[in-house]
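Thanks for coming, everyone. Please look at the screen, and follow along with me.

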Amino acid sequence: MSKFIIRSSVLADALVISRLLPDLGYKATESEVASRLSVLCKREENEVFVVEISGNVVGLCHVQGVPLLASGGYAEVQALVVARSHQRTGLGRALLEQAVSWSREFGYKRVRLRSGLHRDEAHLFYKARGFTKSKPSYAFELMLE
């Protein structure tokens with residue numbers, strides 16, 4: 001594997017991030033991603049890491065702290081994706097390890113993530129990283145627009 005670096009994202013990454021999102025099943029324009037990044041960058045308990053090889057961003061991981069009243073809260077990986085051409089090279093593992101490290105720095109004792117039922121390979125990846133299935137639940141959503 002080529003040498004890589006992991007760094008915090010910047011607004012200039014918006015275009016390449018918009019090109020990675022379809023691999024997660026989401027679509028967003030460069031301007032939509034830039035707008036979202038600008039909001040996230042202002043919120044302390046959010047971090048978007050990108051992984052670069054030879055100056056090219058080939059993956060990302062968004063982690064968010066979720067402080068709670070009823071418990072000690074947790075950090076949640078909101079997005080993790082590596083370009084198809086660079087999958088199975090250790091970059092996803094490195095990004096996930098970065099998110100776990102960030103979570104520890106913020107004092108969280110748990111890291112959570114959600115993965116679609118159809119993502120069998122992703123489930124195997126997460127299990128191999130030490131994640132276990134927690135209480136099953138449904139996600140409920142109310143659209144405000």
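Glycine 107 comes after helix H3, and its phi is positive, near 85°. This is a predicted model, so keep in mind that every value here is computed from it.

Now back up into H3 itself. How far apart are the end C-alpha atoms of H3? They are 21 Å apart. H3 has 15 residues, and at 1.5 Å a residue it should span 21 Å, so the two values agree. Several residues of H3 are buried. They are Leu91, Gly92, Ala94, Leu95, Leu96, Ala99, Trp102 and Ser103.

Next, the sheet. It is open, it has 5 strands, and the order is S1-S2-S3-S4-S5. The pairing is mixed. Which strands sit at the edges? Strand S1, residues 4-8, and strand S5, residues 111-113. Each of these pairs on one side only. On average, neighbouring strands are turned by 25° against each other, direction ignored. H3 packs on this sheet and touches S1, S2, S3, S4 and S5. The direction of H3 makes about 160° with that of S4.

Let's walk across the strands. S1 and S2 run antiparallel, joined by 5 bridges. Here isoleucine 6 stands opposite valine 51 in S2. Move on one strand. S2 and S3 are also paired in the antiparallel sense, over 8 bridges. Their hairpin has 2 residues between the strands. In that hairpin, serine 54 takes a positive phi near 50°. Then come S3 and S4, which run antiparallel with 8 bridges joining them. Leucine 60 has valine 81 in S4 as its bridge partner. How many of the 11 residues of S3 are buried? The count is 9, so S3 is mostly covered.

Stop at one residue in S2: asparagine 46. Is asparagine 46 buried or exposed? Its relative accessible area is 11%, and the cut-off for buried is under 20%, so asparagine 46 is buried. What does its side chain do there? It makes a polar contact with the side chain of histidine 62, at 2.7 Å. The bridge partner of asparagine 46 in S3 is glutamine 64. Not counting residues up to four places away in sequence, asparagine 46 touches Leu40, His62, Val63, Gln64 and Trp102. Trp102 is one of the buried residues of H3.

Now the core. The largest nonpolar core has 33 residues. Which members touch the most others? Ile17, Val33, Leu60, Leu80 and Leu95. Six elements each supply at least two residues: H1, H2, S2, S3, S4 and H3. The largest share, 6 residues, comes from S4.

Take valine 33 from that list. Leaving aside neighbours within four places in sequence, valine 33 is in contact with Ala14, Ile17, Ser18, Leu21 and Ala28.

That brings us to serine 18, in helix H1. Serine 18 is buried, because its relative accessible area is 11%. Where does its side chain reach? To the backbone oxygen of leucine 15, at 2.6 Å. Beyond its neighbours within four places in sequence, serine 18 is in contact with Ala28, Thr29, Glu30 and Val33. So both serine 18 and valine 33 have Ala28 among their contacts.

That's my tour. Over to you.

Methods. Residues numbered from 1 in each chain as written. Predicted model: local features only at pLDDT ≥ 70, side-chain atom pairs only at ≥ 80, totals over all residues. Heavy atoms only, no water. Core = buried A, V, L, I, M, F, W, Y, C linked by side-chain atoms within 4.5 Å. Buried < 20%, exposed > 50% of the residue type's maximum accessible area, 1.4 Å probe, protein only. Helix = DSSP H or I, 4+ residues; strand = E, 2+ residues; numbered from the N terminus. Contact = heavy atoms within 4.5 Å. Expected span 1.5 Å × (residues − 1). Polar contact = N/O pair within 3.5 Å; in protein donor to acceptor, adjacent residues only side chain to side chain. Pairing = 2+ DSSP bridges. Axes fitted to C-alpha atoms, helices over the stretch in contact; angles between N-to-C directions.
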